[in-house]
Amino acid sequence: MPETHRVGTPAPLALVTGATGYIGGRLVPELLGAGFRVRAIARHPENLRGRAWAEQVEIVRADAGSPDDLTAAMRGVDVAYYLIHALGSGPRFESTDRRTALLFGRAAREAGVGRIVYLGGLHPDVEDLSPHLASRREVGEILLASGVPTTVLQAAVILGSGSASFEMMRHLTERLPVMVTPKWVTNRIQPIAIRDVLRYLVGSASMPPEVNRTFDIGGPQVLTYADMMQGYARVAGLPRRIIVPLPVLTPWLASHWVGIVTPVPAGLAKPLVGSLIHEVVCRENDIRAYVPDPPEGLLDFEAAVRLALRRIADKDVTTTFSSALGPTAPSDPLPEDPDWAGGRLRVDERASVVTASREELWSVLEGIGGSNGWYSWRLGWVARGVLDRVFGGPGLRRGRRHSSRLRVGDELDWWRVEAVEEGHLLRLRAEMRLPGLAWLELLAEEDEAGRTIFRQRALYLPRGLPGLLYWWAVTPFHGIVFGGMQRNIAAAAEHRP
C-alpha cells in the first residue's frame, strides 16, 4: 500500500502501461482504491473511454516504443508499472520486448522515478527456457539493471475470468470430456488467483528503495495441469475428465489444437503451451515480508475458479486476455477517410425504415453477436468461423464480454469494437484472417419525418489480387448475409417486448 503522506501533499503518482490489457485494466481501479493518482498510457486512448474509472485518471496517448513519448509520460511519476509485452505478435517478439524494456528503464531513470514494478513469468532456474519465459526473464533482468529500484513479480498460471491461461483451461475442460494431451500435463504448477496478483502489484509500490530483486508469487497449492482440469470439472459440475498423456504431441501441434478448441488464438496459445513444458513452482516466499498475506489467506484453486465462474455467469468480466487491440499500423485507414484508397474501398450499403423507436433498434444493435448471434444465415456464419479458426483466426469462439453492453476495444466474435456512439453508431473492425481490412457499421438514425432508419455498411479494403478475388468470391453471398441481417435486426427491434 502507498506510504502515508502529509496532508496537503499530492498522493503518489502511478504510471500504468498496458491499461487496455487484462492486468492493467484491473490494476488501475485497485491503485485508485489504494489512494494513488494514476496516469494510464495507451497508443489508442479512445479504447479506455468506456472504462468505469476513465474519468478518475489521467489518460495519455503514448507508445512505449517511443523514447519521446516515454520521457513525457514519466514526468512526476513515483512508481511505474511495466505491464506490456509482445507475446503473440510474431516471431520477433523477443527483440521487441528487449528494446521496449531498455527504453522504459532509461526513461524511468532519467525522470527520477522511484520504483518500477514488472509482472513476469515464473520459471525454473535452467537455460533452455521456452522463448516466452526466456523473454520474460530477460525483460526482468533489463529493468533490474536500469538503475531504478525494481520489483519483478514472477507468476505462473493466473486464475481469473478472462485470463488467457484460465480461458484455455476452461474451454479445454468443458469441451473435451476425453482428451489426448501432451506429457506436460503431469508437470507441477503453482497457480495464483488474479485477486492476489493485483494485491502484490499494489503492495510492491511501497517497497523500500534498497529492494531491487525478483519475487516468486503463487497460490497456496502446487498442482499438475491435469489436476487443474479435474478441479475445474468438479467446480463446474462436470463429470471427471479422461486425460491420456502422450509424449508425441509437440507444443506446435498442441497450440494449434488449443487454437481450434478454445477462444485463445494459436499465435497466443503457442507461447503459453511452450511455457507449460517446464515445472513452475515458487522457490521462495520472500514477498510476504513486504506484502503480508491477507487475514483469510491466499485464494486456493477451487475458490479462484468459483469466483471466476461467478463473474462469467454475472456478466461481470471487466477485462479479458484480448482486451488490448492487436497491433495495427498507424497508417491503417478508418472507413470514413475520404478516397484515401484511390476508390478501392468496396462498400455494401443498405438502409430500411423500422417501425420501432431508435432506442429499441439500438438495443438490438448493441446486443449483436455472441450468444445472440448475427441475425442471418447462421450456417454461413458458423462455417466462416470454423474456417477462420483453422487458419489461426479467432473465429466465433470469443463471444462477448457483456451480454448487452459494448465499449471500444471489446472483442466481439471475430470483430473488435472500434467505435461506439451511444444510441447511434456501432463500428466493428474485422480480426478474422482475410486478405484485406474490413469493417461493419450499424447505425440507428431518424429522418426528417421522425421515422427510425437502420443503416448498415460493410466496408472492405482489398490487399492485392488475393484481396480482390476474395471480394468477388463473397459478393454473391452478400444478399443472403447482409440482406438477411438487415431484415432480421429490423424485425427483432419491432418485436421487442
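Which residues in α3 meet which residues in α4? The first close-up lists them. This is a predicted model, where local features need pLDDT of at least 70, side-chain atom pairs count only at pLDDT 80 or more, and totals for chains, interfaces and linings use all residues. Residues are numbered from 1 along each chain as its sequence is written, and side-chain values use heavy atoms, with hydrogens and water left out.

**View A. Helix α3 meets helix α4.** Here are residues 93–111 (α3) and 131–144 (α4); helices are DSSP runs of H or I with at least four residues, numbered from the N terminus. On the α3 side you'll find Phe93, Glu94, Asp97, Arg98, Ala101, Leu102, Phe104 and Gly105, and they meet Pro131, His132, Ser135, Glu138, Val139, Ile142 and Leu143 of α4 (contact means heavy atoms within 4.5 Å). Sorted by class, that contact has eight nonpolar, three polar and four charged residues. Nonpolar covers Ala, Val, Leu, Ile, Met, Phe, Trp, Tyr, Cys and Pro; charged covers Asp, Glu, Lys and Arg; the others, Gly among them, are polar. The two axes come within 9 Å and cross at roughly 15 degrees; axes are lines fitted to C-alpha atoms, for helices over the stretch in contact, with angles from 0 to 180 degrees between N-to-C directions. So α3 and α4 are roughly parallel (under 35 degrees; over 145 is roughly antiparallel, 65 to 115 roughly perpendicular, and the rest oblique). The crossing is right-handed, meaning the near helix is turned clockwise from the far one by less than a right angle.

**View B. Helix α7 crosses helix α10.** The axes of α7 (residues 225–236) and α10 (residues 301–313) come within 10 Å and cross at roughly 55 degrees, which makes α7 oblique to α10. This crossing is right-handed. Look for Met228, Gly231, Tyr232, Arg234, Val235 and Ala236 in α7, meeting Phe301, Glu302, Val305, Arg306 and Leu309 in α10. Their contact splits into seven nonpolar, one polar and three charged residues.

**View C. Helix α11 packs on helix α14.** The angle between α11 (residues 358–366) and α14 (residues 478–494) is about 125 degrees, with the axes 8 Å apart, so α11 is oblique to α14. Glu360, Leu361, Val364 and Leu365 of α11 meet Ile489, Ala492 and Ala493 of α14. That gives six nonpolar residues, no polar ones and one charged.

**View D. The second largest pocket holds about 950 Å³ of space.** A pocket is an open set of points on a 1 Å grid over the protein atoms alone, where a 1.4 Å probe fits, with protein on both sides within 12 Å along at least five of seven lines; lining residues have an atom within 4 Å of a point. Of its 38 lining residues, the closest to the centre are Leu396, Arg397, Arg398, Gly399 and Arg400. Helix α12 gives the most to the lining, with seven residues.

How values were computed: Points joined across faces, edges and corners; volume = space filled by probe spheres on them. Helix = DSSP H or I, 4+ residues; strand = E, 2+ residues; numbered from the N terminus.
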